[in-house]
Each structure stands twice: as structure tokens, then as C-alpha cells.
Amino acid sequence: MNPDPLHDPEFLTALRRDMLRFAEMQLRDRARAEDAVQEALAGALQGQERFASRASLRTWVLAILKNKIIDVLRQRGREQSAAVDVENDEDLNAYFDQRQHWAEDTRPAEWQSPQQAIENKHFWAVFEACLYRLPETAARIFTMREVLGFETDEICTTLGISNSNCWVQMHRARLALRACLGANWFGEAA
């Protein structure tokens, strides 16, 4: 193996492909994803002497990319504001009864073996497709919270939304992901 993987064309090609896929999923904008990947790779090359080998080189470079994505999301949040009408959402209300419990015909079914599904890499391909189908704001909030580890207050500040809007969007994202995974992975009837 090349002693300097950041200068190994095969390693860089595979790493860049994975980075671009991750960045596109998070940003939903090919140009911004390309820019974030380029900046992350340039940062890794410039800061290579700071790599302490506590994690794999791949993990370290992906952490740099994660920070670049967070920067892009913060900038985008300052540029635009997301709003949602939480009172009049028939899609959301259809899942619950008057007491805000699961409606009888929409209650989640028991999944046979969630542990096996999580371990299967095909599951993540389906999950990624389901995540990509979400409305952009809901997907961004879900990703910021569950993938990038933002706190709710930071999401709200970054995107210029209220705390309740954030939680409604998270709730919608989770419901949509649950429905999509149910139909496309767990074989539940739509």
C-alpha cells in the first residue's frame, strides 16, 4: 500500500466518490456538494501533518467533510428561511385519532428482525433513497439532527425556524421514513 494514501489515485478516487455521495445526500445540490468535497480534500491535504492516526484516514477526511457540510447548511440557513403550516396538515393528521394516538389502521406493524435489517447494507441503500424522497427542509432537519449531530436550538438558529417547526418537521420526516421503509424494505402494505 502507498505510504501516503492521500496521494494514491485509487484511494482518492474511491474516497472522493463516497464523499460526493454523502455530500449530495446532505446538501441536495450537486454543485455545492462538489465544492464541499473539494474543500474537504484540499483541507486534508493542507493539514495532513495534523492527522494523528487516532482514526482511519478515511474517517478523518469524512469528518472534515462533515464540518464543511455544516458550514454550507449554516450559510444556506442564513440565506433562506423555512416555514411550515403545522395546523393544517392532513397527511400528518391522518395517522392519529382525536386523542393523538395512532389511528387503528395506521399503527406501525411489528418488524420481524430490525437488527438483521440494520446490518444489511441494502437496507442503507433503501434508507438513503427514502431520505432523498423527503421534502428538502424535512430531510435537511432530519440529517442535521440524526446524522450530523446538531442540537435542536442550533438547527433552529441555522435554518431560521421555530423550535415547534423543527419538531414538526422531524416528526414528519420520521413518519415518512417509517412509511417508505415499511413499504420498500419491510414489505408492509401501503
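Mentor: Happy to! Let's begin with a crossing: helix H7 and helix H8 cross in a right-handed way, a term for a near helix turned clockwise from the far one by less than a right angle, anticlockwise being left-handed. Before we go on, this is a predicted model, in which local features need pLDDT of at least 70 and side-chain atom pairs count only at pLDDT 80 or more, while totals for chains, interfaces and linings use all residues. Residues are numbered from 1 along each chain as its sequence is written, and side-chain values use heavy atoms, leaving out hydrogens and water.

H7 covers residues 136-147, and its axis comes within 10 Å of that of H8, at a crossing angle of roughly 140°. Axes here are lines fitted to C-alpha atoms, for helices over the stretch in contact, with angles from 0 to 180 degrees between N-to-C directions. The two helices are therefore oblique to each other; angles under 35 degrees count as roughly parallel, over 145 as roughly antiparallel, 65 to 115 as roughly perpendicular, and the rest as oblique. H7 brings Arg-140, Ile-141, Met-144 and Arg-145 to the contact, and H8 brings Thr-152, Ile-155, Thr-158 and Leu-159. Contact means heavy atoms within 4.5 Å. By class, these residues are 4 nonpolar, 2 polar and 2 charged. In that scheme Ala, Val, Leu, Ile, Met, Phe, Trp, Tyr, Cys and Pro are nonpolar, Asp, Glu, Lys and Arg are charged, and the others, Gly among them, are polar.

Now for the other neighbour of H8. The axes of H8 and H9 come within 9 Å and cross at roughly 105°, which makes H8 roughly perpendicular to H9. Thr-152, Ile-155 and Cys-156 of H8 meet Asn-163, Cys-166 and Trp-167 of H9. This contact has 4 nonpolar and 2 polar residues, and no charged ones.

Leaving aside neighbours within four places in sequence, Thr-152 touches Arg-145, Asn-163, Cys-166 and Trp-167. Its relative accessible area is 9%, so Thr-152 is buried. Buried means under 20% relative accessible area with a 1.4 Å probe and protein chains only, exposed means over 50%, and partly exposed is in between.

That leaves the cysteines. The whole structure has 1 disulfide, a disulfide being a pair of cysteine sulfur atoms within 2.5 Å. This one joins Cys-130 to Cys-180, with 2.1 Å from S to S. Cys-130 sits in helix H6 (residues 121-133) and Cys-180 in H9 (residues 163-184), so the pair ties together parts that are 50 residues apart in sequence. The link of Cys-130 and Cys-180 is left-handed, with -75° about the S-S bond. Both Cys-130 and Cys-180 are buried.

Cys-156, by contrast, is in no disulfide. The cysteine sulfur closest to that of Cys-166 is in Cys-156, 4.3 Å away, and that is too far for a bond. Cys-156 is buried at a relative accessible area of 10%, and Cys-166 counts as buried too, at 2%.

Notes: Helix = DSSP H or I, 4+ residues; strand = E, 2+ residues; numbered from the N terminus.
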